[in-house]
Amino acid sequence: ISQPVKDVDVEGMISVAHRGAASYAPENTHAAFQKGIELGADFIEADVHLSKDGELIIMHDETVNRTTNGTGQIRDMTLEELKTLEAGSHFHPDYYGEPIITLNELMESFYGQVGLLIEIKHPALYPGIEEKVAEVLSQYPATDSVIVQSFDIDSLKRIHELDPDLQIAVLMKASFVPVSLWQLDELTSFATYINFNISAVSKRTIDEVHKRGGKVLVWSKKDKRLIQKAVSYDVDGIITDFSRWPVEEDIQV
Ligand code: G3P
Ligand code: CA
């Protein structure tokens with residue numbers, strides 16, 4: 001981890017460590033979030049699900065299969081069961097023993113140290129998850145450094161209703177794009193950010209979000225050309241698996 005990508009000027013842009021610094025440590029664990037902070041991320045991004053007993057669980061998938069030594073759906077398991085699982089060694093043996101963490105634990109560890117971009121995953125699977133997320137976040141003053149995002153617009157509207165002070169980010173699926181101007185009017189009425197996959201958005205759309213006072217984060221693969229594209233599109237920030245910005249040795253060109 002050394003030099004930033006040459007000839008890509010990312011000055012002033014928000015850097016978001018996707019699922020923590022997921023290229024460097026097991027995604028969505030304390031170790032990955034800590035790594036993101038060490039490497040200079042402005043925000044860490046974390047995905048949230050709901051356990052059988054109503055605890056908010058930090059994990060990307062709705063099952064524990066890919067990233068732990070267990071099997072099954074998060075919604076069918078209690079926190080106690082989830083805490084017996086090991087979520088580090090799928091990434092590297094050095095991380096053996098890394099536990100699954102909860103949203104409460106994420107907030108306790110990292111609120112105030114780094115920005116938090118919290119994604120509600122598949123809210124349709126978890127009736128009432130918005131109330132649970134709003135309840136946990138209400139224990140911490142809402143600031144520009146805490147953002148709730150989702151692909152589910154109704155879920156975000158519910159979060160906004162529950163706490164209008166929370167910053168909201170709409171995640172736009174490739175299938176939602178191109179987005180119409182009236183949709184942008186509606187979305188920017190409650191969301192501060194409209195976030196896109198850089199592969200599926202035009203500069204014109206980003207300009208239209210900006211005209212409405214909104215901001216744009218884009219997420220991207222490990223591809224220097226996509227980062228360059230994001231910069232040339234004048235986005236407000238980039239979400240990648242890298243700590244701060246991709247470095248030369250990580251770039252696949
Ligand atoms: O922040 C954008 C990104 O997290 C959405 O995709 O599947 O990695 O949660 P995913
Ligand atoms: Ca995510």
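1. The model is predicted.

2. Alanine 134 belongs to helix H4. When its neighbours within four places in sequence are set aside, the residues in contact with alanine 134 are Ile159, Leu162 and Asp163. Threonine 240 stands 106 residues from alanine 134 along the chain, and the C-alpha atoms of the two are separated by 26 Å.

3. How do helices H4 and H5 cross? Helix H4 covers residues 129-137 and helix H5 residues 153-162; their axes come within 9 Å and cross at roughly 40°. H4 is therefore oblique to H5, since an angle under 35 degrees would be needed for roughly parallel and 65 to 115 for roughly perpendicular. The crossing of H4 past H5 is right-handed.

4. On the H4 side, the contact is made by Glu130, Glu131, Val133 and Ala134; on the H5 side, by Ser155, Arg158, Ile159 and Leu162. Sorted by class, this contact of H4 with H5 comprises four nonpolar, one polar and three charged residues.

5. Which residues are around ligand 1? They are His18, Glu45, Asp47, His60, Glu119, Leu171, Trp219 and Ile239. This shell around ligand 1 divides into three nonpolar, two polar and three charged residues.

Notes: Residues are numbered from 1 along each chain as its sequence is written. Chains are lettered from A and ligands numbered from 1 in the order in which they are written. This is a predicted model: local features need pLDDT of at least 70, side-chain atom pairs count only at pLDDT 80 or more; totals for chains, interfaces and linings use all residues. A residue is near a molecule or strand if its C-beta atom, placed from the backbone, lies within 6 Å of it. Ala, Val, Leu, Ile, Met, Phe, Trp, Tyr, Cys and Pro count as nonpolar, Asp, Glu, Lys and Arg as charged, and the others, Gly among them, as polar. Axes are lines fitted to C-alpha atoms, for helices over the stretch in contact, and angles run from 0 to 180 degrees between N-to-C directions. Helices (H or I, at least four residues) and strands (E, at least two) are DSSP runs, numbered from the N terminus. Angles under 35 degrees count as roughly parallel, over 145 as roughly antiparallel, 65 to 115 as roughly perpendicular and the rest as oblique. A crossing is left-handed if the near helix is turned anticlockwise from the far one by less than a right angle, and right-handed if clockwise. Two residues are in contact if their C-beta atoms, placed from the backbone, lie within 7 Å.
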